Amino acid sequence: MRQAFRSSILHCLSDPGEAANSSAIEYFEDGLLVVEDGHVLQAGDAAVLLPQLPAETRAIDYRGKLIVPGFVDCHVHFPQLDIIASYGEQLLDWLHRYAYPAEARFADPDYAREVANVFVEQLLVNGTTTALVFGTVHPHSADAIFEAAAARDMRLIAGKVLMDCNCPAGLRDEAAGGIAESRALIERWHGKGRLGYAITPRFALTSTPSQLEAAGQLAAEYPDVWVHTHLAENRDEVDEIARRYPERSSYLDVYDHFGLLRERSVFAHCLHMSDSDRSSMAARGGAAAFCPTSNLFLGSGLFDLSAMRAAGVRCGLGTDVGGGTSLSLLRTASEAYKVLHLQEHTLPATRALYLATLGAAEALYLDDRIGNFLPGKEADFVVLDASGSDLAGRRVAAAGTVDEALFAMIMLGDDRHVSATYVRGRQPLSG
Ligand SMILES: [Zn+2]
């Protein structure tokens, strides 16, 4: 079936950078996005494309709104949905006080399924069509999130957590058992439809060296699966890693030593690291998830996007709920702008869009499938509507350029401004 969506259309062809390079984007004020069988046929000016459409094309009119590619969340914990916005602690205390008790409830598979469905619906409400997701230590947590995504035809990557030390007994696996469970989940889910598996050691303090080593061996066995973990989020955490691994040159070097730094490795946070770490991350094809709402909320630190991109590291935005405070990539991009301001850098609106779409797709090695509207890409997209709130509607109406309008939309926007979310050309049904 061929469909044509008429609206303003904006997408990125590459990273606009700090200078907001306009050749990195394409904008069609009165645009048409033509979709067939869930894939993009073409995006362009309506005046040019409309006369060429076959008569049976189904036309959907979104004029007055803005279509952008579906948002991609590079780091989020679905089991922490119900502890979002929990008061008061930095990372290591916060994990024990809030995150671990919440994750312990996932021993109940029915509860895991219920939260997974709510979580996936919340992603779509916020315009997020792809996410890289932490489960809990329970293998059925991964089953639950994959089932919820598959029911809506979403492109989603997830994994069961590996965690065999420094955590409550009920959330602890053991090195060999956790790896066997991960292997079974890879065989069950990886490459099934739009789903992908991520080997997911929580972070280097909650896995023994033998578990990290086994995780690296599993990654070597399955080169096309993802690796998903946390890196250098909090100073106390970094200090503890240095005490535990005095023979390693850095936190990143610990992961590298165990075979966990490679293409399709995604590291959340990456706040406290050196230029030589950034260079080796870039050279090895690892990627960073920039999680500004979480970094501010937990008082963790400021992500240095300029240094990361200068080193050539792939970067995308992550919400990191429940340490993060919103599932909205618009709100996340708004906080990213402020984090960069504090470091005397800036984040043009088009670069923020890049980090939430094409940049994130590059970080996940999915840019051949999603991230913009080049012909043949999967037709995942969001219809943004400034009039979702009176103030944003007024502000965007007064904007003189698309950059100004997009910037205002990012600063003021949230799920109220997502008019519709499409996954492979269709609006997924609830349930
Ligand atoms: Zn996280």
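**Pockets and cavities**

Modeller: Starting with the largest pocket, 18 residues line it, and S8, Y27, V396, V402 and A405 lie nearest its centre. Keep in mind that this is a predicted model.

Colleague: How much space lies in the largest pocket?

Modeller: About 360 Å³. Its lining divides into 11 nonpolar, 4 polar and 3 charged residues.

Colleague: Which element gives the largest share of that lining?

Modeller: Helix α16, with 4 residues. At least two residues each come from β2 (25-36), β4 (58-69), α15 (390-397) and α16.

Colleague: And the second largest pocket, what volume does it have?

Modeller: About 200 Å³. Of the 15 residues lining the second largest pocket, R155, H190, W226, L366 and R369 are nearest its centre. Strands β7 (155-159) and β9 (195-201) are the elements that give two or more residues to this lining. By class, the lining has 5 nonpolar, 4 polar and 6 charged residues.

Colleague: Switching to cavities. How many are there of 30 Å³ or more?

Modeller: There are 2. H77, L91, L95, H230 and E233 are the closest to its centre, out of 14 lining residues.

Colleague: What classes of residue line the largest cavity?

Modeller: 5 nonpolar, 5 polar and 4 charged. Helix α2 (residues 91-104) supplies the largest share, 3 residues.

Colleague: What about the lining of the second largest cavity, by class?

Modeller: That lining has 11 nonpolar residues, no polar and no charged. Among them are V68, F71, L384 and I410. The second largest cavity holds about 70 Å³ of space.

Conventions:
Residues are numbered from 1 along each chain as its sequence is written. This is a predicted model: local features need pLDDT of at least 70, side-chain atom pairs count only at pLDDT 80 or more; totals for chains, interfaces and linings use all residues. Side-chain values use heavy atoms; hydrogens and water are left out. On a 1 Å grid over the protein atoms alone, a cavity is a set of points where a 1.4 Å probe fits but cannot get out, and a pocket is an open set with protein on both sides within 12 Å along at least five of seven lines; lining residues have an atom within 4 Å of a point. Grid points are joined across faces, edges and corners, and a volume is the space filled by probe spheres set on the points. Ala, Val, Leu, Ile, Met, Phe, Trp, Tyr, Cys and Pro count as nonpolar, Asp, Glu, Lys and Arg as charged, and the others, Gly among them, as polar.
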